[in-house]
Amino acid sequence: MSAVTDAVRTTAPGNPVAQSIRDSLVVAKRNLIRMVRIPEVVIFGLIQPIMFVVLFSYVFGGSMNIGGSTDALVYREFLMAGIFAQTVTFATAGAGAGIAEDMHKGLIDRFRSLPMARGAVLTGRTLADLVQTALTLLVLAVVALLVGWRTHSSVGEVLGAFALLLLSGYAFTWIGAVIGLSVRTPEAATSGGLVWLFPVTFVSNAFVDSGNMTPWLRHIADWNPFSATVQACRGLFGNPGVSTSGAWPMQHPVWASLIYSVLIIAFFRTLAVRKYRSAAA
Amino acid sequence: MPGAIHAEGLVKTFGDVRALDGVDLDVPEGTVLGLLGPNGAGKTTTVRCLTTLLRPDSGKAVVAGLDVLEQPDAVRRSIGLSGQFAAVDEYLTGRENLRMVGQLYQMPAKAAKVRADELLEQFHLADAADRTAKTYSGGMRRRLDLAAALVVSPPVMFMDEPTTGLDPRNRQQLWGVIKQLVSGGTTLLLTTQYLEEADHLAHDIAVVDHGRVIAQGTSDQLKARTGGERVEVVVHDREHIRAARALLDKYSLRGPGAGDTTVEDHMRKITTPVSGGAKLLAEIIRELDSRGIEIDDIGLRRPTLDDVFLSLTGHVAEIKDEDDGAARDTAGHGHRHGKEAVK
């Protein structure tokens with residue numbers, strides 16, 4: 001069976017880490033091409049947070065009490081960290097739906113029959129989503145500046161906040177990957193990927209001062225991983241309404257956000273890769 | 001020496017359903033095995049186990065000399081799989097799809113590019129190479145899918161119902177492609193619901209039902225098992241069916257595997273297994289004539305794989321196409337879509 005062994009030898013893998021990176025980039029490129037060819041997805045992904053900015057700013061602004069002020073402009077500055085953080089978490093649904101669609105169409109079977117790195121299909125997808133998230137944040141920041149949002153800190157701190165947001169969004173896409181691999185249809189992944197985000201983003205300090213919540217709800221909000229990212233960004237932007245809560249994540253929000261993101265990636269990536277290995281459409 | 005594909009006692013259960021109930025297979029290098037069976041028989045599950053997509057509960061499998069359970073990655077480097085769906089990214093062009101698959105087979109980017117161009121040419125997709133697969137017809141997508149499975153010219157190929165859902169013209173065309181491929185020495189395991197397809201493409205045929213291989217051999221061997229020839233008579237007058245049947249029954253072969261006399265009322269056709277060839281045929285014609293039974297057609301024919309399937313399983317293999325072709329046979333046990341044999 002010499003033909004067989006020859007074929008095996010000529011395509012034998014090199015360094016597994018290098019292979020993993022290469023495969024992930026090949027898959028990421030594929031997903032980025034799709035984004036360019038289906039711009040609707042990116043555009044709707046942009047419209048939603050812009051709508052949130054406009055609606056929250058003009059409907060809630062003026063009736064919200066942030067650190068003793070009900071000035072609409074104060075609320076607008078307070079709000080933006082929350083909207084940014086919410087936007088990056090919504091990338092979850094896109095990742096989930098994309099992976100569920102690949103399963104549905106038999107593409108995951110094809111990938112799984114190829115001698116490629118096991119996690120590369122998922123890593124490639126999450127990396128492509130990260131690019132989309134970065135793009136969305138950029139446009140959203142411009143819109144925010146137009147409606148009056150300003151930062152009051154150094155360029156380094158502002159960039160640090162965006163880096164934290166991207167990391168947090170990347171972590172959330174791994175949750176989406178697990179959802180996408182767990183459901184039967186892309187439609188289920190879309191709705192299933194969004195439903196749980198509402199409590200996570202609303203029971204938090206994103207849109208209201210969590211100091212005004214009932215104590216038990218406030219505890220949840222203070223320890224919510226999502227709140228840590230919001231609090232960290234608010235602080236780094238120099239925006240008003242930074243929580244004075246004594247909870248550890250509120251006192252050390254940058255660290256808390258980093259730790260939460262790393263833990264989420266470690267746990268959900270492991271789970272997702274395991275699910276991928278036994279995936280059946 | 002075991003064949004390029006070798007399986008022993010593969011068992012896979014999904015909950016209460018025993019999808020594979022001890023599948024044994026052996027495909028010598030350079031030959032084509034047709035896995036023939038109705039929906040739910042276990043064909044797709046067998047392919048999924050052999051291509052590392054699914055881990056069997058027990059049993060062993062060797063593909064291209066490599067243990068599927070112990071060395072799955074090495075197996076993946078030696079196989080090409082074309083599944084039940086055309087698994088191509090519809091938002092990528094044909095060329096982009098093939099390049100991506102090549103790179104994921106660990107080919108250098110340049111080699112993947114060259115190979116993609118070759119395949120596009122070979123599969124008559126060069127003109128459509130830079131259009132997204134979304135714009136392709138069903139037959140074109142199938143060809144692209146097959147091309148993707150052939151990127152590294154794997155020594156062993158698996159095709160799961162490659163022509164399901166294709167119109168006759170595209171089916172013929174794909175058969176041509178498959179024949180060409182096999183003449184190059186590739187070992188192929190192909191599943192199909194179409195007896196004609198297995199007859200046409202496969203050296204050996206394994207008939208699968210309820211998760212087991214119930215018969216294996218060449219098309220001729222399987223047909224021989226079902227008895228020799230058959231006489232088919234089409235009477236002119238519906239009222240003569242009964243009399244013609246009584247007459248034919250006299251000549252009918254009895255015994256195991258011979259099959260029964262069958263009547264297809266709507267076609268006024270009576271078929272019975274016989275032995276005796278042309279001489280017997282002449283005698284039957286004389287007898288029919290002397291009884292005043294007018295006939296439209298009479299002939300001797302060798303058994304088809306339909307006859308084989310019927311005599312082996314007690315049900316006809318002809319299956320109506322699933323509405324969307326999506327019915328996977330992994331969990332679809334128990335329901336049969338075959339029409340009942342008309343006795």
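1. Before anything else, a word on terms: helices here are DSSP runs of H or I at least four residues long, and strands are runs of E at least two long, numbered from the N terminus. With that in hand, take residues 188–208 of chain A: this stretch is 67% helix and 0% strand, and its end C-alpha atoms sit 30 Å apart. Do keep in mind that you're looking at a predicted model.

2. That stretch is one of several that UniProt, in an unreviewed entry, labels "transmembrane region" in chain A. The others in the annotation are 38–58, 78–100, 121–147, 159–181 and 254–272. Residues 159–181 of chain A come out as 100% helix and 0% strand, with 33 Å between the end C-alpha atoms.

3. Step back to the wider annotation. The unreviewed UniProt entry also puts "domain: ABC transmembrane type-2" at residues 40–279 of chain A. Over those residues the chain is 75% helix and 0% strand, and the end C-alpha atoms are 29 Å apart.

4. Chain A as a whole has 14 helices and zero strands, so if you read its elements from the N terminus on, you get α every time. Of its 281 residues, 48% count as buried. Among contacts between residues at least 6 apart in sequence, 81% join residues at least 24 apart.

5. What about the overall dimensions of chain A? Its C-alpha trace spans about 80 × 35 × 35 Å along the principal axes.

6. Now for where the chains meet. On the chain B side, 31 residues are in contact with 26 residues of chain A. The elements of chain B giving two or more residues to this side are α2 (72–78), β6 (79–82) and α3 (94–104). By class, the chain B side has 17 nonpolar, eight polar and six charged residues.

7. Chain B also has a sheet worth a look. Four of its strands make an open, antiparallel sheet in the order β12-β13-β11-β14. At the edges are β12 (262–264) and β14 (295–301) of chain B, each pairing on one side only. Neighbouring strands of this sheet are turned by 15 degrees against each other on average, direction ignored.

8. Strand β12(B) runs antiparallel to β13 (residues 269–274) of chain B, and three bridges join the two. Here you can find Glu264(B) standing opposite Lys269(B) in β13(B).

9. Which helices lie across these strands? Helix α9 (residues 241–251) of chain B lies across β11 (229–235), β12 and β13 of chain B, at about 5 degrees to β13(B). Helix α10 (residues 277–290) of chain B lies across β11, β13 and β14 of chain B, running at about 160 degrees to β14(B).

10. Two loop residues of chain B are worth checking by eye. Ser153(B), in the loop between α5 (138–149) and β7 (156–160) of chain B, has a phi near 45 degrees, a positive value in a residue other than glycine. It counts as partly exposed because 15 C-beta neighbours lie inside 10 Å, and a residue needs 20 or more to be buried and 12 or fewer to be exposed.

11. The other is His210(B), in the loop between β9 (204–209) and β10 (212–218) of chain B. Its phi is near 50 degrees, again positive in a residue other than glycine. With 17 other C-beta atoms within 10 Å, His210(B) is partly exposed too.

How values were computed. Residues are numbered from 1 along each chain as its sequence is written. Chains are lettered from A and ligands numbered from 1 in the order in which they are written. This is a predicted model: local features need pLDDT of at least 70, side-chain atom pairs count only at pLDDT 80 or more; totals for chains, interfaces and linings use all residues. UniProt positions are given in the numbering used here, feature names are shortened, and annotations may be inferred rather than shown by experiment. Two residues are in contact if their C-beta atoms, placed from the backbone, lie within 7 Å. Ala, Val, Leu, Ile, Met, Phe, Trp, Tyr, Cys and Pro count as nonpolar, Asp, Glu, Lys and Arg as charged, and the others, Gly among them, as polar. Two strands pair if DSSP finds at least two bridges between them. Axes are lines fitted to C-alpha atoms, for helices over the stretch in contact, and angles run from 0 to 180 degrees between N-to-C directions.
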